[in-house]
There are 2 protein chains.
Amino acid sequence: MTRQRQLIYKIIMNTEGHLSADEIFSYAKAEMPSIALGTVYRNLRLMVEDKEIRQIITDYGPDRYDRNMIPHEHLHCDGCGKLVDITFGGLKELLENKGEIAVADYQLNIRGLCPVCNAKQKKIRVQ
Amino acid sequence: MTRQRQLIYKIIMNTEGHLSADEIFSYAKAEMPSIALGTVYRNLRLMVEDKEIRQIITDYGPDRYDRNMIPHEHLHCDGCGKLVDITFGGLKELLENKGEIAVADYQLNIRGLCPVCNAKQKKIRVQ
DNA sequence: TTTAGAAATGAGAATTATTCCTAAATAGGA
DNA sequence: TCCTATTTAGGAATAATTCTCATTTCTAAA
């Protein structure tokens, strides 16, 4: 546990959203100007391996890192553009039973409308 | 519809598995040595946009391209290392109902054991 | 404390995957 | 056939990430 790693960990834990390596690097540099981007990447990888944080791969930019280790899904909203957490329990068990497979981990990325934008859309349709 | 695009399309349609852009480029080059990698990438993007083929993003290498447009999931097997198709119908509707969202598209990547390796594993445990 | 060895860092080069640029080639309709 | 808009080949550029390695920092034994 180096000062660098502590700082990176703290930044992720104090942030609600989903940070990219570069964003984490920027925040870290503000507190420790000497920190290197490679150090951020290396520690992020180690933290993901140690299951301290979660890595979110997307099809529209850099990977993002999430403090929330509870299995959950990610929705990239076409309405507001945000990357939104969707909690949807029991998916692992559902997959294992239906697919006759063993699930070590999974990642579900949805593109569509988040609850807020979806509600707005329905309203518009009804009007 | 250029000769290049026809060739790329044919390669994907004649292949069961999941090809990377580079693999497609290799196969295409065998038939048309002058073809360029950029042409492969451009046409793959266009085909994905036109929903002729499906793009699979993964966390362990380049994107892969799949002729199978029926919604299905991908399992990266820890046992045999293969990228396996898992058919698991009705997930879109399940997500929309439970999450109060609109699903335009989704991608579910599972890491674990495929049906074959999972069956083997169970056998070992029982013995 | 020193000090030896191990581990981690900083800085930047290297790699990987992909997209962009541009002059030349080509498709396909008149 | 001719014209023009589109596409291509080839290579440069970009973005994200990993690697390399000399230097620094940590650890724990002397």
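Leu94(A) is located in helix α4 of chain A.

Me: Why is Leu94(A) called partly exposed?
Reply: In this predicted model, the relative accessible area of Leu94(A) is 33%. Buried requires under 20% and exposed requires over 50%, with partly exposed in between. Leu94(A) is therefore classed as partly exposed.

Me: What does Leu94(A) touch, leaving aside its neighbours within four places in sequence?
Reply: Leu94(A) is in contact with Phe88(B) and Leu94(B).

Me: Which residues of α4(A) are buried, and what makes them lie on the same side of the helix?
Reply: The buried residues of α4(A), which spans residues 91–99, are Leu91(A), Leu95(A) and Gly99(A). They cover an arc of only 40° around the axis, and this places them on the same side of α4(A). An α-helix has 3.6 residues a turn, so residues three or four places apart point the same way.

Me: How do you know on which side the buried residues of α4(B) lie?
Reply: In α4(B), the buried residues are Leu91(B), Leu95(B) and Gly99(B). Their arc around the axis is only 40°, which puts them on the same side of α4(B).

Me: Which residue follows α4(B), and where does it lie?
Reply: α4(B) is followed by Glu100(B). Glu100(B) lies in the loop between α4 (91–99) and β6 (102–113) of chain B. Its phi is near 55°, a positive value in a residue other than glycine.

Me: Why is Glu100(B) called exposed?
Reply: Glu100(B) has a relative accessible area of 57%. The cut-off for exposed is over 50%, so Glu100(B) counts as exposed.

Me: What is the phi of Lys51(A), and where does this residue lie?
Reply: Lys51(A) has a positive phi of about 60° although it is not a glycine. Lys51(A) is found in the loop between α3 and β2 (54–56) of chain A.

Me: How do you know whether Lys51(A) is buried or exposed?
Reply: The relative accessible area of Lys51(A) is 57%. Exposed means over 50%, and Lys51(A) is therefore exposed.

Me: Why is Ile86(B) counted as buried?
Reply: Ile86(B) lies in strand β5 (residues 83–86) of chain B. Its relative accessibility is 8%, and the limit for buried is under 20%. Ile86(B) therefore counts as buried.

Me: What does Ile86(B) touch, not counting residues up to four places away in sequence?
Reply: Ile86(B) touches Ile101(A) of chain A, together with His72(B), Glu73(B), Leu75(B) and Pro115(B) of chain B.

Me: How many residues separate Ile86(B) from Ser34(B) in sequence, and what is their C-alpha to C-alpha separation in space?
Reply: Ile86(B) and Ser34(B) are 52 residues apart in sequence, and 37 Å apart in space, C-alpha to C-alpha.

Me: Why are α2(A) and α3(A) called oblique to each other?
Reply: The axes of α2(A) (residues 21–31) and α3(A) (residues 37–49) come within 9 Å and cross at roughly 120°. Roughly perpendicular covers 65 to 115 degrees and roughly antiparallel begins over 145. The angle falls between these classes, and α2(A) and α3(A) are therefore oblique to each other. The crossing is right-handed.

Me: Which residues make the contact between α2(A) and α3(A)?
Reply: From α2(A), Ala21(A), Asp22(A), Ile24(A) and Phe25(A) take part, and from α3(A), Leu37(A), Val40(A), Tyr41(A) and Leu44(A).

Me: What makes α1(B) roughly perpendicular to α3(B)?
Reply: The axes of α1(B) (residues 3–13) and α3(B) come within 10 Å and cross at roughly 70°. The range for roughly perpendicular is 65 to 115 degrees, so α1(B) is roughly perpendicular to α3(B). α1(B) passes α3(B) in a right-handed crossing. Among the residues that meet there are Ile8(B) and Tyr9(B) in α1(B) and Asn43(B) and Met47(B) in α3(B).

Me: What confidence does the predictor assign to chain A?
Reply: Chain A averages a pLDDT of 91, and 98% of the residues score at least 70.

Key:
Residues are numbered from 1 along each chain as its sequence is written. Chains are lettered from A and ligands numbered from 1 in the order in which they are written. This is a predicted model: local features need pLDDT of at least 70, side-chain atom pairs count only at pLDDT 80 or more; totals for chains, interfaces and linings use all residues. Side-chain values use heavy atoms; hydrogens and water are left out. Buried means under 20% relative accessible area, exposed over 50%, partly exposed in between (1.4 Å probe, protein chains only). Helices (H or I, at least four residues) and strands (E, at least two) are DSSP runs, numbered from the N terminus. The arc is that of the directions from the helix axis to the C-beta atoms. pLDDT is the predictor's confidence in each residue, from 0 to 100. Axes are lines fitted to C-alpha atoms, for helices over the stretch in contact, and angles run from 0 to 180 degrees between N-to-C directions. Angles under 35 degrees count as roughly parallel, over 145 as roughly antiparallel, 65 to 115 as roughly perpendicular and the rest as oblique. A crossing is left-handed if the near helix is turned anticlockwise from the far one by less than a right angle, and right-handed if clockwise. Contact means heavy atoms within 4.5 Å.
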